[in-house]
Amino acid sequence: MTKINENFLKLQDNYLFATIKKKEREFKEKNPSNSIINLGIGDVTLPIPGEVVFSMKRASEEMGKVEYFRGYGPEQGYEFLIDKIIKNDYSDRNIDLRKDEIFISDGSKCDISQIINIFSRDNKISIMDPVYPVYIDSNIMDGRTGKYLEGKYDNIVYIPCVSDNGFMPKIPQEKVDIIYLCSPNNPTGMALNKKELKIWVDYAIENNCIILFDAAYEAFISQSDIPHSIYEIEGAKKVAIEFKSFSKTAGFTGIRCSYIVIPHELKCISSLGKEIELNYLWKRHQATKFNGVSYITQRGAEAVYTKLGKKQIDRNIKYYKNNAKIIKNGLEKLGMEVYGGINSPYIWLKIPNGVKSWDFFDELLNNTGVIGIPGVGFGTCGEGYFRLSSFGTKEDTVEAIKRIRKYFNSKREI
Ligand code: MLT
């Protein structure tokens, strides 16, 4: 009989967000009259900006005309979009990038889960705990982890991000080769400032390691000392790959567009001792495994950088930031310990009275109809925490906080 990839058997039962969806469905079936408010998965609720709609419509019409029709696009992405990315996201921040250092893709989840394909399995991987589950799951599937024991996999160096260290990752004691960093962080909402990120870049330079820098939530940065790109830090081009997404920035969760930056300076070594550019390896990877993002989508992403597009996006980001404020203030008024929500769309809540994450999930759902994400779903260091997303509608957000406050206030009166 044909054999399976045994590594899949090492995975936890379900992907975290699929488990939450299943629980929501089951609850709805049992309680059809209860209204549910989903502040769980970070999925946007505002429609895509008008500029993007307009541009995608026009691009669709072009595809219907013989003189404008396009088949397969360039694998790395269309130049019109790459130019806008370089100008707006990098040159304007004094970062020089070449066109062929940008790779347009269909979502950070795909990029970040596949990037490991270009690295040897001998590398020691280091991952923050708690963490976006895709980092760890993709390493498990690829056979880079050992046994699972007490919430942790062998062969992974975990970097605990807990309240004692302000949820900030600290340099691991053990020598590592690949470091996943996410800032602003999903799920804790913390963000590394320039000084803190420089420590990581310097460490990577000194120790010949690579940083995989997930900046999917960069648009939510409010404080001026938080870098929007790791390349704002000197030397980072030699050690970092950056992942950016239009999903949360421009409401593209359903459209799908992202990009990844691999500077030519970034090199690793082959078993024969030859230095190889990672840019070359990823280009080769994409040429084989990816056929590019649709022309229509890329025209939509391009519109994000027009004057009007920027204005519309800014308005949407402000809307979500206001939701974050509503959640943060509402929970703080209950005397709860709350993190995040300033440079990030996520609120990281310390669950009162030592209640465990999944118990709190059930308690909140059963008593208020509000869905969030149990912190332990992001790793053992997330136990006792709970994540709420600010991507709901304002009405839902206000209502969710009203219900939570009512429930906790009534509990206190008992
Ligand atoms: C999250 O809720 O953590 C993210 O939205 C999930 C994702 O982007 O895949």
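A polar side-chain atom of tyrosine 346 lies 3.5 Å from an oxygen atom of the ligand; a polar contact is a pair of N or O atoms within 3.5 Å, and within protein one must be able to donate a hydrogen and the other to accept it, with residues adjacent in sequence counting only if both atoms are side-chain atoms. The model is predicted: local features need pLDDT of at least 70, side-chain atom pairs count only at pLDDT 80 or more, and totals for chains, interfaces and linings use all residues. Residues are numbered from 1 along each chain as its sequence is written, and side-chain values use heavy atoms, with hydrogens and water left out.

**Ligand site**
- Around the ligand sit Phe17, Ile41, Gly42, Tyr132, Asn186, Tyr217, Lys248, Tyr346 and Arg387 (near: a heavy atom within 4 Å).
- Tyrosine 132 places a polar side-chain atom 2.6 Å from a ligand oxygen atom.
- For asparagine 186, the corresponding distance to an oxygen atom of the ligand is 2.8 Å.

**Sheet**
- An open sheet of seven strands runs in the order S2-S10-S9-S8-S7-S3-S6, with mixed pairing.
- Its edge strands, S2 (102-105) and S6 (156-160), each pair on one side only.
- From one strand to the next, the twist averages 20 degrees.
- Strands are DSSP runs (E, at least two residues), as are helices (H or I, at least four), numbered from the N terminus; two strands pair if DSSP finds at least two bridges between them.
- S3 (residues 125-129) pairs with S6 in the parallel sense over five bridges. Isoleucine 127 stands opposite tyrosine 158 in S6.
- S7 and S8 run parallel, joined by five bridges. Isoleucine 178 has isoleucine 210 in S8 as its bridge partner.

**Strand S8**
- Five of the five residues of S8 are buried, so S8 is largely enclosed by the rest of the structure (buried: under 20% relative accessible area; exposed: over 50%; partly exposed in between; 1.4 Å probe, protein chains only).
- Ile210, Leu212 and Asp214 point one way from S8, Ile211 and Phe213 the other.

**Helices on the sheet**
- Helix H5 (residues 133-141) lies across S3, S6, S7 (178-182) and S8 (210-214), at about 145 degrees to S3.
- Helix H8 (residues 278-289) lies across S2, S8, S9 (240-245) and S10 (258-261), at about 25 degrees to S2.
- Axes are lines fitted to C-alpha atoms, for helices over the stretch in contact (heavy atoms within 4.5 Å); angles run from 0 to 180 degrees between N-to-C directions.
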